[in-house]
Amino acid sequence: MEKTLSALPSLLSLEPGAKLAAASRLGALVRGITELASKQKQMRECLVRLIYCEMLGYEASFGYIHAIKLAQQGSLMEKRVGYLAVSLFLNESHQLLLLLVNTVLKDLQSTNLLEVCMALTVASQLFPPEMIPAVLPLVEEKLQHSKEIIRRKAVLALHKFYLIAPNQVQHIHDKFRKALCDRDPGVMAASLHIYLLLIKENPDGYKDLTGSFVTILKQVVGGKLAVDFNYHSVPAPWLQIQLLRILRLLGKDDPVTSEQMYDVLDESLRRAEINHNITYAILFECIQTVYTVHPKADLMEKAATCNGKFILSPKNNLKYLGLKALTYVIQQDLNLVLQHQMTIIECLDHSDPIIKRVTLELLYRITNAQNVTVIVQKLLEYLRESKDEYVTISLVGKVAELAEKYAPNNEWFVQTMNAVFAVGGDMIPSDIPSNFLRLLAEGFDDEVEDKQLRLYAVNSYLALLEKDQVQYPQRFLQVMSWVLGEYSYLKTETKPEDIIEKLHCLLGKCSVSSETKAWILSAITKLFRLTLNVKVLPEVLQSYGNSMDSCLRQCSFELKQLVENREIMNTVLPLDASCDDIVVDASLSFLDGFVAEALGHGAAPYKPHHQRQEEKLSQEKVLNFEPYGLAFVTSPQASSVTGRQSPAGLSIGSEISCNSTEAGIKDSNSLKLDGVKKVWGKEGYLRKRESKVEALASLGSESETTTDTSSKTERTATVSEEEQEKQQLASSLFVGLGSNNLVSLMGKPQSSTQKVWRKSKIVEGQNGHEKAMNAQKTIVPHPPQIPNLMDNVGERCSLFQESKAMPLRKTSSDSAEVPTEQPAQGYDRSWTPSNNLKTIKAMPSASKEPFSGLFADGNFDIIQPANCRSAFEAHDQISGLAPSLPEEFAQHAHSKLELLCANENIALFSCKIWKEDCLLIPLFITNRSSVEVHNATVNFALTDELQTSESTDFPFPVVQSQTTVKCHLCLQMVNPCTQVLLTGHLTYQLESSHCTQEEFTLILFLIDFIRPLKLTTEEFGHLWLSLSNDVKQNLSFAPNAPEALSSALHTLQKELKLHIVDIIGTEGIIACQLLPSTPCLLHCRFHGGILSVWLRSPCSVLPDCMLYECQKVMQNVQL
Amino acid sequence: MRFMLLFSRQGKLRLQKWYTAVSEKEKKKLGRELMQIVLGRKPKMCSFLEWKDLKIVYKRYASLYFCCAIEDQDNELLTLELIHRYVELLDKYFGSVCELDIIFNFEKAYFILDEFLMGGEIQDTSKKNVLKAIEQADLMQEDDESPRSVLEEMGLA
């Protein structure tokens, strides 16, 4: 067969050299064509065989290109086989696929239905995200095709596109609605696939469709569809199930929407009485839907009865599904398990391992302190039988979790964990041993109990090591050696030498990996502190002192040094102090000198990870249509943005990198300011304090605005912009005048910082530069505190303000001049004081004389763009262009409006509005220019952590001059993280000029997405049991007063927007949720000056994040 | 749906359709392992499996096993019926289908599958419609072929 194919190219080509009589030329041509045609037919045969060969496992890649050729050149039948072969041979990442694009495009435009069908099928099967744009318009067009089969295939192809590249299909959402209303039920059913995805991502965006879905389902259930759609006399089961799924998503946690669907659910439950698989399939979906939507008692009862049918069925398939539904249902109603107790017990010993496993899963969900021993025993039995890696990994995790939570006593706990380690072998996830060791080390509240537990563990491991010939998994050995090293001292009757001897034996075994050997060596090191007998020592040192493994070598050298110097040994390895905190110089301040030196030699300053990523992203941006500006003009602006975005002080580095070495030294100076105590996490706290102050400031200024009109507001406005102004000025000055000036400029605000923030420890660790910024922020409400230098800055900025504001003012007063008065004219000195009276009033202390001298033409031009941003801010506030929050937003808790980015034409403002169901980011786009702005589009780039229900694009075809338009974005957090950057860009066109792009960034914090979760104590209890991811942590908490707990909880409530469910004695329970609807439950216990917090959530990351937030708040309280 | 496999009781693959991008090597490995597991199960056992991170639904028709890997949220019973519907379609098309039909006309089996499922989602639940589409294509194909045979005759003549 391969022979045939490799011979094909020669067969395919006509033989030009054939000698033919002139008379038979025509005949030869005809023969040639037919030969070619029959060759194609032959090729088709070959390809079919090739597909078969490949399925049998032979290499067939040599024929791929022929498949593509056939799809391209063949007539209908060949095309069909060609496409089939291509779709079977190639996958999305295959390079040859590029050759297919043209063929598919051609066929999509074909008038032949079959060709269009084939092209749609192959596009939906093969096309990778980057190729979708090529066919998308044509596929979209097919949504309006007259044949329903084409429409249906187009919808399904779009569904597939949505799966692999959701953002590319976003613009056709309204066409999906059309497909949903299609007169052909097949097209409608196909569109439901897309709707299921859309609704899963954003249930709130489609609540309005609930009624339509319910109506469709009613009609289907009522048998209104053509008989064609019946399957074994059940009307359109696939459609029914799809609708039930959609309704489930819509009705979840929503009583009003759920209300609409109760009837039809009831109807579905009733209708499905025929004893056939397909009716059971519908019932199964129904049960899930009933238990997911807002609960209704009688429906749930009916669903429970139905579920009984499944569980009691003799058919294994139904039994399996019944048990599965039960694991789902018990989250609402534990009693159902009791009804089926006996069946469950039977299923535990079922001959089919799958049914056994699903039963165990069910048992795992209902475990409590009473039944834990039995259930764990069953789980371990199953584990011993199972050979499957996936099963083992998931089950050992569950056993370990149950053992930790509900262990009745120490012996059982240690034995169970031993079994877990022994059975799990080396497949065991690394967090299980480390959790176990942490538990042993941290202990519980009872000192005696802890000792017993540890002693028991030591005893059991010694016993296990007694046995020869038994090989333990590496992780188990690691656990053993750690425990023996750490806690052997508790076992007074055994000499440490004996244990060392045992471990030494273990070291010699070849089955032990070098990682484990390192664990054992460090255990031996710890044991040597208990004894002076160093008999084994030389042997160990000899074998590992020269080991090829550097880790082992290091361990043995440590051992040698420590044994020689007992004093160090006792300080480095104190007894029973494994979980005491060791003071670590986290900021690595001892390296500061080195860093300074490196910077002095011209090394680039360090940038934190997120900033590097940000820069990388911005570099990846597509073509830049703007001409390149002067480097020092753009850099200050850019750096002021990053400086604002990232709380980490070092990120200011980007600015410095644009400058020269002196700047590097300045940076290293600020590095030295980092105190040893500085932990990066504290910045968050610092930010909050800042924002509070800012909020105060804004409050202050707002109230002033209402009482007093002109001068006061304007002054605050001017002062507040000084912070940015100053930074920009610093950079521009630096360029012009050299380093000395910069240093003195930076020096003064720093000293003022210390005055203001003296009481706060947090600031100690701050980078000097950021301190300067803080200082300015704090100064805002207190203008008298501004040092002299700041006055200067203010004056300068007032100048730019005036000159910049001028042309705009003119346009507002005299519109006839508009076309000639371009913003560029603001740069020259054509203004007269009388024209700008009002602006000058804004800066009563500013005198303009020095500046006309200082900024001769050249200088002025350079500095202008850098300053325009703040100058504009001021201008906007003066002329009333600055947006204010509309009523519907202002009623919610919100932050102050902030300027995101600005230039001479456009300004973007935003803030955060903490709505109950989302974080709303309004965006105000102000057109400052004197002309209309066209095609303005705001586009947000959402990271994986965030989601929104709506589109992230906001187009504004026309923005009138001197007006503000607004849009808003509702955000929810899908993947919890403590902070996330929301980036976006604004593109627009001025008159007919080219597109301009402005980028902006907002930092969003986890707290922005946390909302209180109102629960009763009982609901809390139910939910608590059903959640599996938990984190426990002790927070030290100084005041030991009786009301300390409640005050701590109320602080948490206030700072983190939590809901205190109940406070009972020394315990308190709190609930909150991460938007959209991930609950997080907290259980706090106050004991001896320590607040132990236990968090649970269905999401594995959320507890960690929340714990981090709690820690921050508690630290805040203590300070 | 992630993929669909048809294989014989002897563990010979008869048809495979992958709806997600998987490398050739991985396909072979998954197929081999899955066949081993499915063939190792007893007749009365449950048709559903949880294997790796997949849900597997399989059913045996005579000497052929039909095996689907589905997403976590998919309905197992419905998938079982989907397999059944596919078998019905094959049966109707070939007229009481047997393993040999699929071996010799496996491209037809693929065509039917492509008409029935698209991108792993069911496309047409109506048996009549699917077969109509297939027959139409077959018919067109014959139309397409007939002029060629005339030419062929001419060439030979």
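**Entry 1: a pair within one helix**

I began with Arg365(A) and Glu361(A), whose side chains meet in a salt bridge with 3.5 Å from N to O. The model is a predicted one, which I keep in mind throughout. Why might these two be placed to meet? I noted that they are four residues apart in helix H19 (residues 353-365) of chain A, so they are separated by about one helical turn. I then looked up the accessibility of Arg365(A), which is partly exposed with a relative accessible area of 36%. Side chains of opposite charge can pair when their charged atoms come close.

Next I looked in chain B, where Glu76(B) forms a salt bridge with Lys55(B), the closest N and O atoms being 3.0 Å apart. Glu76(B) lies in helix H2 of chain B and Lys55(B) in strand S4 (residues 54-61), so this pair ties together parts that are 21 residues apart in sequence.

Over all chains, the count comes to 38 salt bridges.

**Entry 2: where the chains meet**

How many residues of each chain take part in the contact? I read that 67 residues of chain B are in contact with 70 residues of chain A. The area buried between the two chains is about 6200 Å², and carbon and sulfur atoms give 58% of that area. Glu50(B), Leu77(B) and Met118(B) supply 11% of the area that chain B buries against chain A, more than any other three residues.

I then turned to charges at this interface, across which six salt bridges are found. I looked up Asp138(B), which forms a salt bridge with Arg80(A), the closest N and O atoms being 2.9 Å apart. On the side of chain B that touches chain A, H5(B) gives the most, with 15 residues. The residues of that side divide into 25 nonpolar, 14 polar and 28 charged.

Definitions and conventions:
Residues numbered from 1 in each chain as written. Chains lettered and ligands numbered in written order. Predicted model: local features only at pLDDT ≥ 70, side-chain atom pairs only at ≥ 80, totals over all residues. Heavy atoms only, no water. Contact = heavy atoms within 4.5 Å. Buried area = accessible area lost by both parts, 1.4 Å probe. Salt bridge = Lys/Arg side-chain N within 4 Å of Asp/Glu carboxyl O. Helix = DSSP H or I, 4+ residues; strand = E, 2+ residues; numbered from the N terminus. Nonpolar A, V, L, I, M, F, W, Y, C, P; charged D, E, K, R; others polar. Buried < 20%, exposed > 50% of the residue type's maximum accessible area, 1.4 Å probe, protein only.
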